[in-house]
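Subject: Model handover and notes

Hello,

Here is the model I said I would pass on. Please look it over before reading the notes.

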Amino acid sequence: MAEQSVRWGILATGGIAAAFAADLVDLPDAEIAAVASRRRESAEAFAERFGARRAYGDWESLAADEDVDVVYVATPHSAHRAAAGLCLRAGRNVLCEKPFTLNLREAEELVALAREHGRFLMEAMWMYCNPLVRRLKALVTEGAIGEVRTVQADFGIAGPFPATHRLRDPALGGGALLDLGVYPVAFAQLLLGEPDGIAASAVLSPEGVDLQTGAVLSWDSGALAALHCSITGGTANTASVTGTRGRIDVPSGFFHPERFVLHREGRDPEEFAADPADGPRTSMRHEALEVMRALRAGEKESPLVPLEGTLAVMRTMDAVRERIGVRYPGDAAPVGVQPRGGHAARVGQPYGGQSIPYGGPSAYAAES
């Protein structure tokens with residue numbers, strides 16, 4: 001692709017779509033060409049707000065728009081498979097919000113579709129594109145803290161969320177793990193790769209989704225990761241990586257940090273801060289820039305967010321869900337994912353101490 005503006009389509013009009021569109025508006029070589037929603041009035045309001053030239057009241061029209069170079073899929077994650085699959089089949093390149101899909105099987109289908117149609121596909125794991133996170137990874141890879149022994153990361157929000165909220169709805173992929181736990185899991189696997197063993201425990205809601213989950217991932221190297229996510233309490237949202245010769249601490253908001261501190265024996269702590277020129281810590285511009293760079297280079301996936309890495313994270317989250325007893329309507333039979341090393345499961349306890357049978361799918365609305 002030549003160095004002209006990259007023409008974006010935005011599929012869905014909720015809060016995350018608006019945040020991404022606001023970042024695109026600030027990029028001189030990005031253009032919001034079209035937006036789609038299942039409600040035309042929502043698409044038209046979004047188009048007027050962000051200067052999109054076309055607004056569609058259905059997904060199919062956006063997928064068929066040949067003046068769109070890449071589609072950003074911002075639906076709830078229970079619709080990622082359908083929305084991204086539609087766009088890939090129509091020949092569009094796709095940036096799909098995290099979690100990539102509800103389970104590994106769906107993720108593998110999207111990757112296979114992208115490869116079949118020769119299209120670019122990337123999970124919107126903006127943490128991996130963050131310049132400061134990339135610097136942290138480079139330091140670890142260069143051996144700044146020696147061999148990694150432990151990773152700790154947590155992400156929790158206070159709630160409380162009523163039973164009618166999407167975070168409590170199994171049909172919408174509710175629970176802490178997929179919405180929040182994907183960050184600690186992805187952080188650990190960014191540094192250590194796919195784990196060899198997985199143990200997990202959770203507190204479940206009456207609807208059968210996880211209110212909070214703790215997981216311990218292990219590697220044959222001897223490394224461990226202690227990870228936690230919650231929709232019942234606001235945690236510190238910090239991360240720490242300890243190696244044989246030092247430690248890196250990331251303060252609150254580890255997935256979009258303002259700074260981190262490198263501790264090495266015999267040296268003063270070294271602070272690494274975000275460059276103000278990189279924009280606000282909440283900006284998603286870096287993942288947009290990576291997509292545009294890859295498209296211009298003719299690449300079908302990003303080296304920063306490789307598809308095999310996305311599949312590896314989904315495989316881990318499937319294994320955690322198997323261990324804590326969370327199932328979604330789209331799961332075909334028991335999840336049945338075994339981690340390499342096959343550690344024993346720790347099954348979650350239902351919220352309130354009583355076993356609640358799975359209640360089946362509920363009505364689904366694609367967008368907020």
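Predicted model: local features only at pLDDT ≥ 70, side-chain atom pairs only at ≥ 80, totals over all residues.

Residues are numbered from 1 along each chain as its sequence is written, and side-chain values use heavy atoms, with hydrogens and water left out.

The chain has ten helices and 15 strands; these are DSSP runs (helices H or I, at least four residues; strands E, at least two), numbered from the N terminus. Of the 368 residues, 54% are buried, meaning under 20% relative accessible area with a 1.4 Å probe and protein chains only. The exposed surface comes to about 15000 Å², with 52% of it from carbon and sulfur atoms (Shrake-Rupley method, 1.4 Å probe). Contact here means heavy atoms within 4.5 Å. Among contacts between residues at least 6 apart in sequence, 67% join residues at least 24 apart.

Six strands form an open sheet in the order 3-2-1-4-5-6, with parallel pairing; two strands pair if DSSP finds at least two bridges between them. Strand 3 (54-56) and strand 6 (121-123) are the edges, each pairing on one side only. Neighbouring strands are turned by 25° against each other on average, direction ignored. Strand 1 and strand 4 are joined by four bridges in the parallel sense, and Ile10 has Tyr72 of strand 4 as its bridge partner. Helix 2 lies across strands 1, 2 and 3 and runs at about 160° to strand 3. Axes are lines fitted to C-alpha atoms, for helices over the stretch in contact, and angles run from 0 to 180 degrees between N-to-C directions.

Most residues other than glycine have a negative phi, and most peptide bonds are trans. Ala12, in the loop between strand 1 and helix 1, has a positive phi near 110° and is buried at 1% relative accessible area. Asn237 has phi near 55° and is buried at 13%. Two peptide bonds to note are cis: Lys98 to Pro99, with omega about -15°, and Gly159 to Pro160, with omega near -5°.

Regards

Definitions and conventions. Buried < 20%, exposed > 50% of the residue type's maximum accessible area, 1.4 Å probe, protein only.
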